[in-house]
Amino acid sequence: MKSSIVVGLQWGDEGKGKIIDAVSPSFDYVVRWNGGNNAGHTVVVDGKRFPLSLVPSGVLQKKKLLIAQGVVINPKVLLSEIKMLKDAGYPVDLTIDPRCHIVMPYHGALDAANEAWKGRDATGSLHLGIGYCYEDRNNRAGIRLEFLVRPRVLQEELERIVPLKIAIIKKAYGVKTDFTVQSILDEYIPYGKKLKPYLGDVSSLITYQRITHTFLFEQAHGTMLDPVFGTYPFTVAPPTIAGAVFGMVGVPAVPVNVLGVVKAYTTRVGNGPFPTELLDKTGDAIRKTGNEFGTVSKRPRRVGWLDLPLLRYAVRLNGVREIAITKLDVLSGIAVLRVCIGYRCRGKILREFPSEISLLPDCMPVYKQLPGWQEDISRVRRRNDLPKQALMYLSFLERELAVPIRFISVGADRTALINL
Ligand code: GDP
């Protein structure tokens, strides 16, 4: 079992980028397999922040990089990210599957128009059009990367697709549009030319090399944003759970290690259920210390206590074998910590997140209190050097989830890591 999948076990923003950066030296390839540029990873190297939204985080360890067909690509964003990395001295040895779908201007326009239509019930999308790109893929109205690099095919497809998009935006939503087939061609044909050198069959590459090489599969978003197993409908369009990797890449299902990333508390961006949400001063303090503002959106993230029913569910769904806990340093200075150990729901105690989301309004978190610690732990590099209260917090988690902790992250920088 040489290859590994890294998955966030909460609502995203767990700090996966940093953990992927830490583990990627032991792999030959780092593979991004879902999501679009609405999901950002931030890696900090020597004090410099690298916000990555499409290029796999292994780039900062100078690894070979793959983008699998399950990812949707905004070509402008990808090209500017590649340039930013090359300018900073990082080689971008990247192969992109030609089956990947391309985010087009009408996807963003539809996204914005639909969110405005939904008003208070809006999902909280960033209007980047990612969900609409996946919708077109499923509805056989998408533009694949292979079309983008062939101008004649691109033109034929756009002539088939764009008139209906314009009609929907104008007539259904009553919103003006400023694009035409020609304006899209003018912008996108040059993108295709620039991306052509990166094309390669990622599915076949991984399948044939999986015995001789090792692969690290990096997830975007988090388990609870999965469109089926997450907090539907406040979820994302592509699957996010580890088992989906095989279909999203196009490789046979074989055993791989699953490393689950857990933030030491819980956050979520946008609307939707959040049983352990903190709407008080403690929540504000954690948001400030943890710099809980979106990498891409800069929106303040909602903050809450650690939620064991949610984590037990995520551990089970993904088949997690080991855990990386991040942002433990952010909890320093809080006198009493609370951890949700179950939900009280209609006279029962649920140990796991319910399969019926509509039960959540009747679920009240049951908390256990644990003592906090005052010390700054950001310079600690050995588990046993942590304050005893922090050790208690970690052991409690390990016991409750029945999964060993392999990494403890105590700061944003690459070096602020306890590797067990
Ligand atoms: P991802 O999408 O799961 O990679 O998470 P994000 O990049 O959106 O958010 C994680 C943020 O927390 C980034 O700004 C990281 O630099 C930062 N970060 C990661 N680990 C730690 C940590 O242990 N402590 C602190 N203070 N910040 C961290």
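## The loop between S9 and H9

Pro233 belongs to the loop between S9 and H9, where helices (H or I, at least four residues) and strands (E, at least two) are DSSP runs numbered from the N terminus. A cis peptide bond, with omega about 5°, links Tyr232 to Pro233. The model described here is predicted: local features need pLDDT of at least 70, side-chain atom pairs count only at pLDDT 80 or more, and totals for chains, interfaces and linings use all residues. Residues are numbered from 1 along each chain as its sequence is written, and side-chain values use heavy atoms, with hydrogens and water left out.

Thr240 is also placed in the loop between strand S9 (215-218) and helix H9 (245-249). Thr240 counts as buried because its relative accessibility is 0%; buried means under 20% relative accessible area, exposed over 50%, and partly exposed in between (1.4 Å probe, protein chains only). A polar atom of the Thr240 side chain lies 2.9 Å from the backbone oxygen of Gly222. This is a polar contact, defined as a pair of N or O atoms within 3.5 Å; within protein, one must be able to donate a hydrogen and the other to accept it, and residues adjacent in sequence count only if both atoms are side-chain atoms.

Gln219 lies in the loop between S9 and H9. With 0% relative accessibility, Gln219 counts as buried. In sequence, Gln219 and Pro56 are 163 residues apart, while in space they are 9.5 Å apart, C-alpha to C-alpha.

## The ligand and its surroundings

The ligand sits in the second largest pocket. On a 1 Å grid over the protein atoms alone, a pocket is an open set of points with protein on both sides within 12 Å along at least five of seven lines, whereas a cavity is a set of points where a 1.4 Å probe fits but cannot get out; lining residues have an atom within 4 Å of a point. A molecule sits in a cavity or pocket if more than half of its atoms lie within 2 Å of its grid points. The elements that contribute two or more residues to the shell around the ligand are H1 and strand S3 (41-45).

The ligand is surrounded by 21 residues, and the closest are Lys16, Gly17, Gly40, Asp329 and Ser409; a residue is near a molecule if one of its heavy atoms lies within 4 Å of it. By type, the shell divides into 4 nonpolar, 9 polar and 8 charged residues. Here Ala, Val, Leu, Ile, Met, Phe, Trp, Tyr, Cys and Pro count as nonpolar, Asp, Glu, Lys and Arg as charged, and the others, Gly among them, as polar. A polar backbone atom of Gly15 is 2.8 Å from an oxygen atom of the ligand, and a polar backbone atom of Lys327 is 2.9 Å from an oxygen atom of the ligand. For Ser409, a polar side-chain atom lies 2.5 Å from a ligand oxygen atom. The protein buries 93% of the 580 Å² that the ligand exposes when taken alone, with areas from the Shrake-Rupley method and a 1.4 Å probe.

## Helix H1

Helix H1, residues 16-23, is mostly covered, with 7 of its 8 residues buried. The buried residues are Lys16, Gly17, Lys18, Ile19, Ile20, Asp21 and Val23.

## Positive phi angles

Asp46 is not a glycine, yet has a positive phi of about 50°. Asp46 is located in the loop between S3 and strand S4 (48-52). Asp46 counts as exposed because its relative accessibility is 73%.

Lys327, likewise a residue other than glycine, has a positive phi near 60°. Lys327 occupies the loop between strand S14 (322-326) and strand S15 (336-345), and is partly exposed, with a relative accessible area of 22%.

## Distances across the chain

Trp373 is found in the loop between strand S17 (363-371) and helix H12 (388-401). Trp373 is buried, its relative accessible area being 0%. Trp373 and Pro387, 14 residues apart in sequence, are 6.7 Å apart in space, C-alpha to C-alpha. Pro365 lies in strand S17 and is buried at 18% relative accessible area. Between Pro365 and Arg301, 64 residues apart along the chain, the C-alpha separation is 20 Å.

Ser203 is part of helix H8, residues 202-209, and is buried with a relative accessible area of 15%. The C-alpha atoms of Ser203 and Asp178 are separated by 37 Å, the two residues being 25 apart along the chain.
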